[in-house]
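How many disulfides does the structure hold?

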Amino acid sequence: MKHLLTEYCATLGIDQVGIASACLYTEVGEKLEQRIARGHTIEFDELRTEKRIDPRLYLADAQAVIVCLFPYYTGTAADANLSKYTFSLDYHRIIQSKLAAVGTYLETLDPTITWQSYCDTGPLVDRYLAWQAGLGFYGLNSCLINDRYGSWFFIGHLITNYPFPVDSPLKKTCLACGVCQTACPGQCILGDGSIDPRHCKSYITQKKGLLTESEISILKKTDLIFCCDVCQDVCPHNVHIPQTPLTDFRANLLYRLESSDLAQLSNQEFRRRYGNRAFSWRGKQILLRNLELVTLQGGSKC
């Protein structure tokens, strides 16, 4: 079954597939509790740790978790002011479609198989699942790094009741060179494999309401108005990474937004034009705020 699974995934362009156990993830639970105790949380975080460590809350008879990587790197655009992961159409839609195809295929092999699929918005810690499935190792910047695609990938997973044999985590770490830590606009990389997300530019670009002077200072350090790529751009593990083989992430690319693209749009028009983009969920006002601050403050290219 595992061989059939990987063969079918390959037909969808998915060449990085691993299996994680569907046990109680006490190790990651302890780390989440430590993060909460240190105050290193933001409003997007699920603070009920028990919901993030137990696959059987979401599929009662869960036996395994199928984890797939979806590389999205398409190169660097010199004039981009959007993060690379938003260049293509919304990855949630692309990946959920592929995961649904995998789940449906498994049902054709065994009608008793049940599954639940998630991409990014799922309750479990997807980087931990991918690590457990042997698909990568942790970087100093807390990103997961894959030997083939660096850290330029999305993670999708299916919780299933089929008892696939599990894979083993890789026994390796990143170079720990500290380049990402030095380059980080918000100096949020703490050196122990964790970050303080409150000072991460990616978070600040998505934060609602008025920004503090410190947050504005972080925002203006690069031209990006949505999320941040700096720690990945400078990572030596991301040198000579191939562009994504997935055609979905190479089509309909959008690198940049200007105030003139957004200012005259109603909210409905904004959703109609950009609703199929990963940055659209935050709405046009946050993007306009960031554009104004970056333009007025004079961000530098990175």
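The structure holds 0 disulfides, a disulfide being a pair of cysteine sulfur atoms within 2.5 Å. This is a predicted model, in which local features need pLDDT of at least 70 and side-chain atom pairs count only at pLDDT 80 or more, while totals for chains, interfaces and linings use all residues. Residues are numbered from 1 along each chain as its sequence is written, and side-chain values use heavy atoms, with hydrogens and water left out.

- Cys143 is in no disulfide, and the nearest cysteine sulfur, in Cys231, is 4.6 Å away.
- Cys143 has 16% relative accessibility and counts as buried (under 20% relative accessible area; exposed is over 50%, partly exposed in between, with a 1.4 Å probe and protein chains only).
- For Cys227, the closest cysteine sulfur is that of Cys200, at 8.0 Å, which is too far for a bond.
- Cys227 is also buried, at 2% relative accessible area.

**Sheet**
- An open sheet is formed by 4 strands in the order 1-2-6-3, with antiparallel pairing (strands are DSSP runs of E, at least two residues, and helices are runs of H or I, at least four, numbered from the N terminus; two strands pair if DSSP finds at least two bridges between them).
- Strand 1 (17–21) and strand 3 (115–119) are the edge strands, each pairing on one side only.
- Strand 2 (residues 64–71) pairs with strand 6 (residues 153–160) over 8 bridges in the antiparallel sense.
- Pro71 stands opposite Phe153 of strand 6.

**Helices on the sheet**
- Helix 1 (residues 2–11) packs on the sheet and touches strand 1 and strand 2 (contact means heavy atoms within 4.5 Å).
- Helix 3 (residues 91–109) also packs on the sheet, touching strand 2, strand 3 and strand 6.

How values were computed: Axes fitted to C-alpha atoms, helices over the stretch in contact; angles between N-to-C directions.
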